[in-house]
Amino acid sequence: MGALRSETYIHRESVIHRWAPRLKLVSLLALMFAFATVRQLVLVPWMLALALLLYALSELPFSFLRQRLSYPGLFILAVVVLLPLTVGETVLAHWGWFTLRQEGLQATGLILGRFLSILTLGFILLGTTPFLTILNTMRRLGLPVILADMTLLAYRYLYEIADTLATMQQAMRLRGFGQTRQRWFRINGQAMQQRAMLAGNLLIRSYEQSERVYKAMRLRGYGYGVASTVSTGTATPAPGLSWLLTGAVLLAAAGIVIAEGLLRR
């Protein structure tokens with residue numbers, strides 16, 4: 001696994017980078033679960049402020065977050081874009097067929113707020129801690145060895161699949177696919193068929209690659225009683241600072257949960 005690339009990790013000397021991995025993982029996961037319990041829109045600004053404060057302390061560049069939020073952001077926008085127009089009975093504005101509803105608007109704000117807050121915390125964890133260190137920490141916290149190995153292999157071969165997809169797309173372009181300009185709202189049956197064949201071919205190649213990797217691992221003794229090892233990573237423990245950050249984050253998580261409970265009454 002020496003060729004493993006940790007594209008999400010960015011080396012810095014921030015307090016978040018020096019946070020002990022085990023305490024960081026537990027604290028950020030607790031804060032994510034606290035954010036996930038929020039149903040009151042008034043708590044969304046507090047969630048975003050906490051996430052942005054931790055992100056600022058991590059000293060990660062803003063471009064790191066912007067690039068990684070783009071694709072999941074488009075997905076979540078596609079999910080919630082119709083909510084303000086279709087959900088609820090309280091009409092805020094009405095222009096022809098266009099009706100803006102209060103309940104849908106509030107649901108959209110709540111979903112987007114939780115989405116941005118939780119993903120920001122996730123990228124703080126991935127950007128400030130090497131992936132192998134996270135995996136090793138999860139194993140120390142009780143993650144079964146088989147799940148750790150599957151996670152490591154999945155992470156490793158995501159990049160292989162991406163390289164294979166890029167090669168196949170380049171081959172399609174060299175053969176003339178995508179050269180003609182089309183209107184974005186017009187569905188082209190032939191193009192859809194070719195993309196479906198591309199996806200199917202990629203799945204078959206990935207399956208064949210996984211079979212070859214598994215057989216190679218079995219030939220090298222995997223699964224015959226030899227314990228697999230995971231690198232311990234390079235993060236430097238800082239006990240005093242780590243406990244201070246852990247206490248502050250867990251206190252914030254508890255505050256969010258308590259505030260949510262009080263506001264529901």
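**Aromatic pairs, helix packing and surface features**

Phe 131 and Tyr 155 are both buried. These two residues belong to a predicted model, and the description below starts from the chain as a whole before it returns to them.

The chain contains 9 helices and 2 strands. Along the sequence these elements are arranged in the order α-α-α-α-β-β-α-α-α-α-α. Of the 265 residues in the chain, 32% are classed as buried. Among contacts with a sequence separation of 6 or more, 77% are between residues 24 or more positions apart.

The aromatic side chains were examined next. A pair of aromatic rings is described by two quantities, the distance between the centres and the angle between the planes. Over the whole structure, 2 aromatic pairs are found. One of them joins Phe 64 and Phe 123 in an edge-to-face arrangement, with 6.4 Å from centre to centre and 85 degrees between the planes. Phe 64 is located in helix 3 and Phe 123 in helix 5, so this pair ties together parts of the chain that are 59 residues apart in sequence. Phe 64 has a relative accessible area of 3% and is therefore buried. Phe 123 is also buried, at a relative accessible area of 14%. Phe 131 and Tyr 155 form an aromatic pair that is stacked, with a centre-to-centre distance of 3.8 Å and an angle of 15 degrees between the planes. Because Phe 131 lies in helix 6 and Tyr 155 in helix 7 (residues 145-174), the pair ties together parts that are 24 residues apart in sequence.

Helix 6 also contains Ile 134. With a relative accessibility of 7%, Ile 134 counts as buried. When residues up to four places away in sequence are not counted, Ile 134 touches Leu 125, Leu 126 and Thr 129. The C-alpha atoms of Ile 134 and Lys 24 are 9.7 Å apart in space, while the two residues are separated by 110 residues in sequence.

Lys 24 is one of the buried residues of helix 1. Helix 1 (residues 21-36) comprises 16 residues and reaches 22 Å from its first C-alpha to its last, close to the 22 Å expected at 1.5 Å a residue. The buried residues of this helix are Pro 21, Leu 23, Lys 24, Leu 25, Ser 27, Leu 28, Leu 31, Met 32, Ala 34 and Phe 35. Their cover includes helix 2 (44-58), helix 5 (102-128), helix 6 (131-140) and helix 9 (239-264).

Within helix 5, Ser 117 was considered separately. The relative accessibility of Ser 117 is 0%, so this residue counts as buried. Apart from neighbours within four places in sequence, Ser 117 is in contact with Phe 35, Met 47, Leu 48 and Ala 51.

Side chains of opposite charge can pair when their charged atoms come close. A search of the whole structure returns 1 salt bridge. This salt bridge is formed by Arg 264 and Glu 260, whose closest N and O atoms are 2.6 Å apart. Both residues lie in helix 9, 4 residues apart, or about one turn of the helix. In an α-helix there are 3.6 residues a turn, so residues three or four places apart point the same way. Glu 260 has a relative accessibility of 4% and therefore counts as buried.

Glu 59 is located in the loop between helix 2 and helix 3. Although Glu 59 is not a glycine, its phi is positive, at about 60 degrees. The relative accessibility of Glu 59 is 46%, so the residue counts as partly exposed. In helix 3 (residues 62-80), Leu 74 has a relative accessible area of 57% and is therefore exposed. Together with Tyr 71 and Leu 77, Leu 74 forms a nonpolar patch on the surface, and the three residues have about 390 Å² of accessible area together.

Methods: Residues are numbered from 1 along each chain as its sequence is written. This is a predicted model: local features need pLDDT of at least 70, side-chain atom pairs count only at pLDDT 80 or more; totals for chains, interfaces and linings use all residues. Side-chain values use heavy atoms; hydrogens and water are left out. Patches are made of residues with over 30% relative accessible area and no salt bridge: like charges are joined within 9 Å, nonpolar side chains (Val, Leu, Ile, Met, Phe, Trp, Tyr) within 5 Å. Accessible areas come from the Shrake-Rupley method with a 1.4 Å probe; for residues, only the protein chains shown count as cover. A salt bridge is a side-chain nitrogen of Lys or Arg within 4 Å of a carboxyl oxygen of Asp or Glu. Buried means under 20% relative accessible area, exposed over 50%, partly exposed in between (1.4 Å probe, protein chains only). The expected span of a helix is 1.5 Å times one less than its number of residues. Contact means heavy atoms within 4.5 Å. Rings of Phe, Tyr and Trp (its six-membered ring) pair if their centres lie within 6.5 Å; planes under 30 degrees apart count as stacked, over 60 as edge-to-face and the rest as tilted.
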